[in-house]
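Subject: Structure handover and notes

Hello,

Please find the structure below, as promised.

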Amino acid sequence: SGIRKRIASTHAKAWADLKRNCESSLGKDAGSLAKSGSNSAYARAYAFAGLFGDDARYKKKAEDIALECASLGGSGNKMDVRLRACAVTAVYDWLYSDLSESVRSKLRSGMLEMFETLEADSNDHEFVWGHSHGHSRPMLLIALALSGEDRKATESVGGLLKAYRDGFFATWRNYGDDGGSLKGWWYTT
């Protein structure tokens with residue numbers, strides 16, 4: 001694959017750094033990592049290193065972090081939920097064939113709870129509000145990860161993409177053309 005060629009050549013240093021960082025934090029408690037602000041970075045790093053390095057230890061660590069994140073579901077503040085969603089979706093997607101059905105089920109349940117929490121805090125008709133677009137990315141990742149497995153997730157993909165194309169991008173272009181920021185509506189008033 002293209003990624004395997006790059007990590008063996010042009011990105012060899014980055015690959016070595018990633019594996020070294022994964023190795024150095026392998027002993028850290030998955031629960032603590034899941035509750036940290038870096039949970040998404042850890043989960044994605046372990047999932048990527050496990051997948052492309054075919055390392056069962058890294059895959060297991062990614063799975064453990066994702067399970068801890070899923071068990072926290074939609075609890076905490078919105079940033080916690082967003083990061084957790086990014087952690088779980090990467091592990092679920094990248095390591096899907098390595099996960100048992102029991103683990104997949106727990107991750108699905110956690111992702112759906114996160115989706116509902118973010119959806120309840122979104123206002124998709126007001127494209128100048130920073131919360132909706134910030135929530136849309138993790139919601140889209142959940143919807144894509146679960147597309148074909150969950151009816152609501154499958155049906156949400158189109159709506160989330162449409163909100164970006166016809167709402168957020170159009171609004172950003174409108175304000176950005178003259179050097180403005182859509183966030184000025186909330187952050188600088």
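First, the ground rules. This is a predicted model, in which local features need pLDDT of at least 70 and side-chain atom pairs count only at pLDDT 80 or more, while totals for chains, interfaces and linings use all residues. Residues are numbered from 1 along each chain as its sequence is written, and side-chain values use heavy atoms, with hydrogens and water left out.

Overall fold

The protein chain has 10 helices and 0 strands; here helices (H or I, at least four residues) and strands (E, at least two) are DSSP runs, numbered from the N terminus. Along the sequence the pattern reads α-α-α-α-α-α-α-α-α-α. Of the 189 residues in the protein chain, 42% are buried. Buried means under 20% relative accessible area, exposed means over 50%, and partly exposed lies in between (1.4 Å probe, protein chains only). Contact means heavy atoms within 4.5 Å. Among contacts between residues at least 6 apart in sequence, 64% join residues at least 24 apart.

Helix pairs

Two packed helices are described by the angle between their axes and the distance between the axes. The axes are lines fitted to C-alpha atoms, for helices over the stretch in contact, and angles run from 0 to 180 degrees between N-to-C directions. Angles under 35 degrees count as roughly parallel, over 145 as roughly antiparallel, 65 to 115 as roughly perpendicular, and the rest as oblique.

The crossing of helix 4 with helix 5 is left-handed, a term used if the near helix is turned anticlockwise from the far one by less than a right angle (right-handed if clockwise). On the helix 4 side the contact includes Tyr42, Tyr46 and Gly50, and on the helix 5 side it includes Tyr58, Ile65 and Cys69. By class, this contact has 10 nonpolar, 2 polar and 2 charged residues. Ala, Val, Leu, Ile, Met, Phe, Trp, Tyr, Cys and Pro count as nonpolar, Asp, Glu, Lys and Arg as charged, and the others, Gly among them, as polar.

Helix 4 also packs with helix 6 (residues 78–94), at an angle of about 10° and with the axes 7 Å apart. Helix 4 and helix 6 are therefore roughly parallel. Among the residues that meet are Ala43, Phe48 and Leu51 in helix 4 and Leu83, Cys86 and Trp94 in helix 6. The contact of helix 4 with helix 6 divides into 10 nonpolar, 2 polar and 2 charged residues.

Helix 7 (residues 101–120) and helix 9 (residues 151–176) pack at about 40°, with axes 12 Å apart, so helix 7 is oblique to helix 9. Their crossing is left-handed. Phe115, Glu116 and Glu119 in helix 7 meet Lys152, Ser156 and Leu160 in helix 9, and these residues divide into 2 nonpolar, 1 polar and 3 charged.

Single residues

Which residue other than glycine has a positive phi, near 45°? That is Asp54, which is exposed, with a relative accessible area of 60%. Most residues other than glycine have a negative phi. Asp55, in the loop between helix 4 and helix 5, is buried at 16%. Leaving aside neighbours within four places in sequence, Asp55 is in contact with Ala49 and Gly50.

Ala143 sits in helix 8 (residues 130–146) and is buried, at 0%. Beyond its neighbours within four places in sequence, Ala143 has contacts that include Phe115, Ser156 and Leu160.

Thr117 is in helix 7 and is partly exposed, at 30% relative accessibility. Leaving aside neighbours within four places, Thr117 is in contact with Gly74 and Val81. Thr117 and Ser75 are 42 residues apart in sequence, with their C-alpha atoms 8.4 Å apart.

As for cysteines, a search of the whole structure finds 0 disulfides (pairs of cysteine sulfur atoms within 2.5 Å). Cys22 is buried, with a relative accessible area of 2%, and Cys69 is buried, at 0%.

Regards
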